[in-house]
Amino acid sequence: MEKDGLKTSAPRGPLEHVERCVPLGPQTAKSDWYYPDMDPNIYLNNRCNIDCVFCSSVNEDRLHTDEEIRARILSHKHTISFEGGEPTLSPDLVRWVRFAKDNGVRETVLCTNGAVFENRKRIDELLVAGLDVFNVNFPAHIDRLYDAITQTSGYFSRRVGAVKNLIDIAGGSK
């Protein structure tokens, strides 16, 4: 497009991103629209240690290969988010956090239910690797509601302890 003899790009409207969308067919369990070139999320596994009724990962197959993880980290220098299933169940989480930081990613985020933080060593490993943000989903403030939402029994006090460990070690800065 030209204006006053100067070449300009086409006008950009609120739906300019639509042509980059990949529509997924009804045969998949994925969302109707997915933006693979814009997604800074890395899915390390599709397993979880609890069964939340609101889980957005149920029946989704978003697991990334090592090559896809490497490419995603190298192409997203602002923020990378490690997700799952439950990403802390992946034996490769620390390695990928370290790889992201070593390759210039400004902010690494862990989206987690926080259950593994009963083990304080896991928190230390992630901090040493360079994890910046612990995004812990804690879906209820009382035990019976927590049990109903997570479909667990008697797990609430253990999760409170895990979050206290995280606060003790990482403090409010992470």
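This report describes the sheet, the nonpolar cores and the salt bridges of a predicted model.

## The parallel sheet

Strands of a sheet pair through backbone hydrogen bonds, either parallel or antiparallel. In this model, four strands form an open sheet in the order β5-β6-β7-β8, and their pairing is parallel. The edge positions are taken by β5 (41-43) and β8 (133-136); each has a single partner strand, so one side of each is left without a neighbour in the sheet. From one strand to the next, the twist averages 25°.

The pairing can be followed strand by strand. Three bridges connect β5 and β6 in the parallel sense, and among the paired residues are Asn 41 and its bridge partner in β6, Ser 81. Between β6 and β7, which also run parallel, there are four bridges; here Thr 79 stands opposite Glu 107 in β7. Strand β7 (residues 107-112) is in turn joined to β8 by four bridges, again with the strands running parallel. Cys 111 has Asn 135 of β8 as its bridge partner, while Thr 112 is partnered by Val 136 of β8.

## Helical crossovers

In one of them, β6, α2 and β7 make a right-handed unit. In the other, β7, helix α3 (residues 120-129) and β8 make a unit that is likewise right-handed.

## The enclosed strand β6

In a regular strand the side chains alternate between the two faces of the sheet. Strand β6 can be read in these terms: Thr 79, Ser 81 and Glu 83 point one way, whereas Ile 80 and Phe 82 point the other way. All of these residues are buried. Because five of the five residues of β6 are buried, the strand is largely enclosed by the rest of the structure.

## Nonpolar cores

The largest nonpolar core contains 23 residues. Those with the most contacts inside this core are Ile 73, Phe 82, Leu 110, Phe 117, Leu 126 and Phe 134. Two or more residues are given to the core by each of α1 (66-75), β6 (79-83), α2 (93-102), α3 and α5 (156-170). The largest share, five residues, comes from α2.

Leu 110 illustrates how separate parts of the chain meet. Leaving aside neighbours within four places in sequence, Leu 110 is in contact with Phe 82, Pro 87, Thr 88, Leu 93, Phe 117, Leu 126, Leu 131, Val 133, Phe 134 and Asn 135.

## Salt bridges

Side chains of opposite charge can pair when their charged atoms come close. The structure holds seven salt bridges. In one of them, Asp 66 pairs with Arg 95, and the closest N and O atoms are 3.8 Å apart. This pair links distant parts of the chain, since Asp 66 is in helix α1 and Arg 95 in helix α2, 29 residues apart. Arg 95 also forms a salt bridge with Asp 92, at 3.6 Å from N to O.

Asp 66 is partly exposed, with a relative accessible area of 33%. Arg 95 is also partly exposed, at 36% relative accessibility, and Asp 92 is partly exposed at 30%.

A further salt bridge brings together the side chains of Asp 132 and Lys 101, at 2.7 Å from N to O. Asp 132 lies in the loop between α3 and β8 and Lys 101 lies in helix α2, so the pair ties together parts that are 31 residues apart in sequence. Lys 101 has a relative accessible area of 25% and is partly exposed.

Terms used. Residues are numbered from 1 along each chain as its sequence is written. This is a predicted model: local features need pLDDT of at least 70, side-chain atom pairs count only at pLDDT 80 or more; totals for chains, interfaces and linings use all residues. Side-chain values use heavy atoms; hydrogens and water are left out. Two strands pair if DSSP finds at least two bridges between them. Axes are lines fitted to C-alpha atoms, for helices over the stretch in contact, and angles run from 0 to 180 degrees between N-to-C directions. A crossover is right-handed if, with the strands pointing away from the viewer, the path from the first strand over the helix to the second runs clockwise. A nonpolar core is a set of buried Ala, Val, Leu, Ile, Met, Phe, Trp, Tyr and Cys residues joined through side-chain atoms within 4.5 Å. Buried means under 20% relative accessible area, exposed over 50%, partly exposed in between (1.4 Å probe, protein chains only). Contact means heavy atoms within 4.5 Å. A salt bridge is a side-chain nitrogen of Lys or Arg within 4 Å of a carboxyl oxygen of Asp or Glu.
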